[in-house]
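Have the viewer ready and follow along.

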Amino acid sequence: MPTMRTECLIDGEWVATRPDATAIAVEDPATGELVAEVPDCTGGEIDRALDAAAAALPGWRSTAAHARAAVVSRIGFLLRRDANRLATLMTREQGKPVAEAMGEVAYAAGFFENAAAVAPALLDGPLRESDLPGGKRLRVLAQGTGVTAAITPWNFPLAMIARKLAPALAAGCTQVVKPDERTPLCAIALAELAVEAGAPRGVVQVITCDPARFAERVFGHASTRLVSFTGSTAVGRLLISHSARRVIRLGLELGGLAPFIVLEDADLDLAVEQCAASKFRNAGQTCICANRILVHHRLHDDFADRLTAAATSLRVGHGLTPGVQVGPLIDDGAMARVEAQVADAIARGATITTGGHRVRVDGCRDRFYAPTVLKGVPTAADCFAEETFGPVAPIASFGSEDEAIDIANGTPYGLAAYVFTGDPSRADQLARRLEAGVIGVNDGLPSSAVAPFGGVKQSGWGREGGPEGILEYCDLRMVSIGTAPRGSPRE
Ligand code: SIN
């Protein structure tokens, strides 16, 4: 086990669990082994962190954008330096295969590198300047919004924090991070690297606690300007209602139900390879996993056969075992949901071509589900209406492009969508018609630190990554400069 900290970082101090207080147990989801205990911070400790974030703000905000970027860039460097240690830690607390965890560390580092590269140009001077009628001049300024909080999920214990912390720091904001209780260790490790990189006291802090307590304190604190959340649409709705009280800005990356459309002119090998990559990474536990696979009726059976071969070849096991490609589900609730969706699809007439059962792994508990392919799935099945968050690939067929688009867009969600076709102009038209914030054309893995990631409809508000992700953490001001008094030099 790599060395790890288990304390929270509050106002520059590492705060450990107290012997007289409750602690949060962090378990290896594969084995149930206790990995660590972290503090269950009190309301008073959360307030202390927010006060410290407010106290640190003026100094950090007035630090030159290039100097902030140097700290941000160094965090990216330190993540890459410690990639092996962090990946092992991630696998222990989250379960994903260690090779995939290495990929996530690099993905996380990319957010710091992107923020360091693009923020100074946005924040050093005016964002834009132009002449207005009447001899006036318009100047648009971007400035970090202030104290921010990040509430992050268990499925990407490092990258989803990086996606929020990097732009916040680069924009001159301070941030209090609350990771999911199941996966706090990567968050604490990241805070430690931020301190090593030179983040001043109070600029980056980590709190572990009950989510409702955190939300109550954060939305009630006079200094909070923005809360960024990645997680379910149900929790997103709750945060929207909390934020109304003091009109606090929200960034929300919520649930998805990604359609994966394979048109009759698609390269089938590519479509199958990318579908398997999209569906089975992280054991299907991502918000942008292919959730509704729609294949032209002429290709349906062939596609199903090839995806079945790909799924069957995947190795299931403990994420630290070399060669494992699919790890455990995060908890028993996840297993129950996956099994219920598969049972529902079968009851409605779908056929299982591989999987459809749990997998026993030596020394581990019953948390592993075989990569599963279902063909001939009716679009009324539950797995076409609810996020699966498990390694189940349900395939339905369609007849026309319009039918595929209607099914794809016929949900309240719009995070990611995929389309496979050999015709670039058709791809371009479909990308415009699909109601989603992230669109993969012949690409099952579209995420990138330099691209603006986020949803439409009930999949969320705002964008993370790229220059757009930095501006989410900024207030924009327009300065209208009138005609200079006669005789004085014009600016
Ligand atoms: C998510 O599942 O929320 C994020 C997926 C990604 O960044 O690729």
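H2 passes H6 in a crossing that is right-handed. Keep in mind as you look around that this model is predicted. Helix H2 covers residues 65–81 and helix H6 covers residues 185–197; their axes come within 9 Å and cross at roughly 125°. Angles from 65 to 115 degrees count as roughly perpendicular and those over 145 as roughly antiparallel, and H2 and H6 are therefore oblique to each other.

To see the contact itself, colour Val-71, Arg-74, Ile-75, Leu-78, Leu-79 and Arg-81 on the H2 side. Their partners in H6 are Leu-190, Leu-193, Ala-194, Glu-196 and Ala-197. Sorted by class, the residues of this contact between H2 and H6 comprise 8 nonpolar and 3 charged, with no polar ones.

Next comes the pair H9 and H10. Helix H9 (residues 268–280) packs against helix H10 (residues 300–312) at an angle of about 50°, and their axes are 10 Å apart. That angle makes H9 oblique to H10. Here, too, the crossing is right-handed. From H9, the contact uses Leu-268, Asp-269, Ala-271, Val-272, Cys-275, Ala-276 and Phe-280; H10 contributes Asp-302, Phe-303, Arg-306, Leu-307, Ala-310 and Ala-311. The classes in the contact of H9 with H10 are 10 nonpolar, no polar and 3 charged residues.

The remaining pair is H1 and H7. Helix H1 spans residues 43–61 and helix H7 spans residues 211–220, with axes that come within 10 Å and cross at roughly 45°. H1 and H7 are therefore oblique to each other, and H1 passes H7 in a right-handed crossing. On the H1 side you will find Gly-43, Gly-44, Ile-46, Asp-47 and Leu-50, which meet Arg-213, Phe-214, Arg-217 and Val-218 of H7. This contact of H1 with H7 divides into 4 nonpolar, 2 polar and 3 charged residues.

Now turn to the ligand. Which residues surround the ligand? They are Tyr-107, Asn-155, Phe-156, Met-160, Arg-163, Glu-253, Arg-281, Thr-286, Cys-287, Ile-288 and Ser-447. Among them, Arg-163 has a polar side-chain atom 3.1 Å from an oxygen atom of the ligand. The table lists this contact together with those of Arg-281 and Ser-447.

| Residue | Side-chain atom | Ligand atom | Distance |
|---|---|---|---|
| Arg-163 | polar atom | oxygen | 3.1 Å |
| Arg-281 | N or O atom | oxygen | 2.8 Å |
| Ser-447 | N or O atom | oxygen | 2.5 Å |

Conventions: Residues are numbered from 1 along each chain as its sequence is written. This is a predicted model: local features need pLDDT of at least 70, side-chain atom pairs count only at pLDDT 80 or more; totals for chains, interfaces and linings use all residues. Side-chain values use heavy atoms; hydrogens and water are left out. Axes are lines fitted to C-alpha atoms, for helices over the stretch in contact, and angles run from 0 to 180 degrees between N-to-C directions. Helices (H or I, at least four residues) and strands (E, at least two) are DSSP runs, numbered from the N terminus. Angles under 35 degrees count as roughly parallel, over 145 as roughly antiparallel, 65 to 115 as roughly perpendicular and the rest as oblique. A crossing is left-handed if the near helix is turned anticlockwise from the far one by less than a right angle, and right-handed if clockwise. Contact means heavy atoms within 4.5 Å. Ala, Val, Leu, Ile, Met, Phe, Trp, Tyr, Cys and Pro count as nonpolar, Asp, Glu, Lys and Arg as charged, and the others, Gly among them, as polar. A residue is near a molecule or strand if one of its heavy atoms lies within 4 Å of it. A polar contact is a pair of N or O atoms within 3.5 Å; within protein, one must be able to donate a hydrogen and the other to accept it, and residues adjacent in sequence count only if both atoms are side-chain atoms.
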